[in-house]
Amino acid sequence: MPERTFAHVIAYPLAGDVIEVFEHEKDHDGEEFVAENMLRVISVAEGCVWFKQYGAGRKNIYTFAEWRARLEKAVSGEVIRGADHDAPF
């Protein structure tokens with residue numbers, strides 16, 4: 001099986017995918033900066049992606065459209081660990 005890329009995770013997330021995303025965010029003063037966020041896909045079902053954002057202390061649920069929109073507007077991203085259909089975690 002070929003190695004998963006960031007584009008694969010955007011288009012077709014799988015439980016067990018772990019990605020590092022660099023995104024534009026704003027601090028308390030409204031200054032924009034590039035934040036590094038680590039995301040782990042927990043589950044994908046019923047048109048939604050359940051994921052954990054490390055450091056945020058909560059689970060998140062996005063529709064596929066929200067998931068794609070967030071990752072497509074990121075500055076960059078890379079796959080830390082690509083999921084495997086046979087062994088997702």
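A residue counts as buried when its relative accessible area is under 20%, and as exposed when that area is over 50%. Arg4, at 10% relative accessibility, is therefore buried despite being an arginine. The structure is a predicted model. The protein has two helices and five strands, which follow one another from the N terminus in the order α-β-β-β-β-α-β.

**Overall form**

- The C-alpha trace spans about 45 × 25 × 20 Å along its principal axes.
- Of the 89 residues, 31% count as buried.
- The protein exposes about 5,700 Å², and carbon and sulfur atoms supply 52% of that area.
- Among contacts with a separation of 6 or more, 46% are between residues 24 or more positions apart.

**The nonpolar core**

- In soluble globular proteins, nonpolar side chains tend to be buried together.
- The largest nonpolar core here has twelve residues: Phe6, Val9, Ile10, Ile19, Val21, Leu39, Val41, Val49, Phe51, Trp67, Leu71 and Ala74.
- At least two residues of this core come from each of helix H1 (6–11), strand E1 (18–26), strand E2 (32–45), strand E3 (48–53) and helix H2 (64–72).
- Helix H1 gives the most to the core, with three residues.
- Phe6, a member of this core, touches Ile19, Val21, Leu71, Gly77, Glu78 and Val79, when residues up to four places away in sequence are not counted.

**Salt bridges**

- Side chains of opposite charge can pair when their charged atoms come close.
- The count of salt bridges in the model is two.
- One of them joins Arg4 and Asp17, whose closest N and O atoms are 2.8 Å apart.
- Arg4 lies in the segment before H1 and Asp17 in the loop between H1 and E1, so this pair ties together parts that are 13 residues apart in sequence.
- Asp17 has 0% relative accessibility and so counts as buried, as does Arg4 at 10%.
- The other salt bridge is formed by the side chains of Glu23 and Arg70, with an N to O distance of 2.7 Å.
- Glu23 is in strand E1 and Arg70 in helix H2, and the pair links these distant parts of the chain, 47 residues apart.
- Glu23 counts as buried at 8% relative accessibility, and Arg70 is buried with a relative accessible area of 12%.

**The two sides of helix H2**

- An α-helix has 3.6 residues a turn, so residues three or four places apart point the same way.
- The buried residues of H2 are Trp67, Arg70 and Leu71.
- These residues lie on the same side of H2, because they cover an arc of only 90° around the axis.
- The cover over the buried residues of H2 includes H1, E1, E2, E3 and strand E4 (59–63).
- On the other side of H2, Ala65 and Glu72 are exposed.

Conventions. Residues numbered from 1 in each chain as written. Predicted model: local features only at pLDDT ≥ 70, side-chain atom pairs only at ≥ 80, totals over all residues. Heavy atoms only, no water. Core = buried A, V, L, I, M, F, W, Y, C linked by side-chain atoms within 4.5 Å. Buried < 20%, exposed > 50% of the residue type's maximum accessible area, 1.4 Å probe, protein only. Helix = DSSP H or I, 4+ residues; strand = E, 2+ residues; numbered from the N terminus. Contact = heavy atoms within 4.5 Å. Salt bridge = Lys/Arg side-chain N within 4 Å of Asp/Glu carboxyl O. Arc of directions from axis to C-beta. Areas by Shrake-Rupley, 256 points an atom, 1.4 Å probe, with all protein chains shown as cover.
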